[in-house]
Amino acid sequence: NKHHPAILRLIKYVTECAHKAGIPCGICGELGRDPKLLPFFAAIHLDEISCSSAYILKTRKELSKIDTSKVDLDKYLK
């Protein structure tokens with residue numbers, strides 16, 4: 001289940017470790033375009049989100065609406 005808190009905690013942890021090591025971190029595939037997870041991905045500061053070309057514009061539009069200061073990470077991680 002891609003929305004399971006354990007999976008999302010793992011993604012957050014990997015992102016934090018990558019950033020501490022100076023390595024960019026991204027996510028791709030269908031998970032990358034999931035509108036329910038876009039606020040989470042933006043809030044954990046993923047460097048790159050990729051998806052199939054059919055979804056790029058819609059995903060970019062959704063990302064532009066997100067105020068990361070208002071994203072409640074606990075909602076995703078618990």
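**Entry 1: A21 and the basis of the model**

I began with A21, which counts as exposed at 53% relative accessibility (buried means under 20% relative accessible area, exposed over 50%, and partly exposed in between, with a 1.4 Å probe and protein chains only). I then noted that this is a predicted model, in which local features need pLDDT of at least 70 and side-chain atom pairs count only at pLDDT 80 or more, while totals for chains, interfaces and linings use all residues. Residues are numbered from 1 along each chain as its sequence is written, and side-chain values use heavy atoms, with hydrogens and water left out.

A21 sits in the loop between α1 and β1, where helices (H or I, at least four residues) and strands (E, at least two) are DSSP runs numbered from the N terminus. I also looked up how A21 relates to L57: the two are 36 residues apart in sequence, and their C-alpha atoms are 31 Å apart in space.

**Entry 2: Helix α1**

Which residues of α1 are buried? I found P5, L8, I11, T15 and A18. Seen down the axis of α1, these buried residues fall within an arc of 160°, so they line one face of the helix; the arc is that of the directions from the helix axis to the C-beta atoms. On the other side of α1, I noted Y13 and K20 as exposed.

**Entry 3: Salt bridges**

I reminded myself that side chains of opposite charge can pair when their charged atoms come close. How many salt bridges does the structure hold? There are 5, each being a side-chain nitrogen of Lys or Arg within 4 Å of a carboxyl oxygen of Asp or Glu.

One of them joins K2 and D34, whose closest N and O atoms are 3.2 Å apart. K2 lies in the segment before α1 and D34 in the loop between β1 (26-27) and α2 (38-43), so this pair ties together parts that are 32 residues apart in sequence. K2 is partly exposed at 38%, whereas D34 counts as buried at 6% relative accessibility.

Another links R33 with E30, at 2.6 Å between the closest N and O atoms; here R33 is partly exposed at 24%, and E30 is partly exposed at 45%. I also found K70 and D67 meeting in a salt bridge at 4.0 Å, N to O, with K70 exposed at 69% and D67 partly exposed at 35%.

**Entry 4: Cysteines**

A disulfide is a covalent bond between the sulfur atoms of two cysteines. Taking it as a pair of cysteine sulfur atoms within 2.5 Å, I counted 0 disulfides. C25 is buried at 12% relative accessibility, and C51 is buried at 17%.

**Entry 5: Places in the loops**

Y55 lies in the loop between β2 (48-49) and α3 (56-64) and is partly exposed, with a relative accessible area of 30%. Y55 and E30 are 25 residues apart in sequence, while their C-alpha atoms are 9.6 Å apart in space.

H45, in the loop between α2 and β2, has a phi near 65°, a positive value in a residue other than glycine.

Last, I looked up S69, found in the loop between α3 and α4 (73-77) and exposed at 63%. The C-alpha atoms of S69 and N1 are separated by 26 Å, the two residues being 68 apart along the chain.
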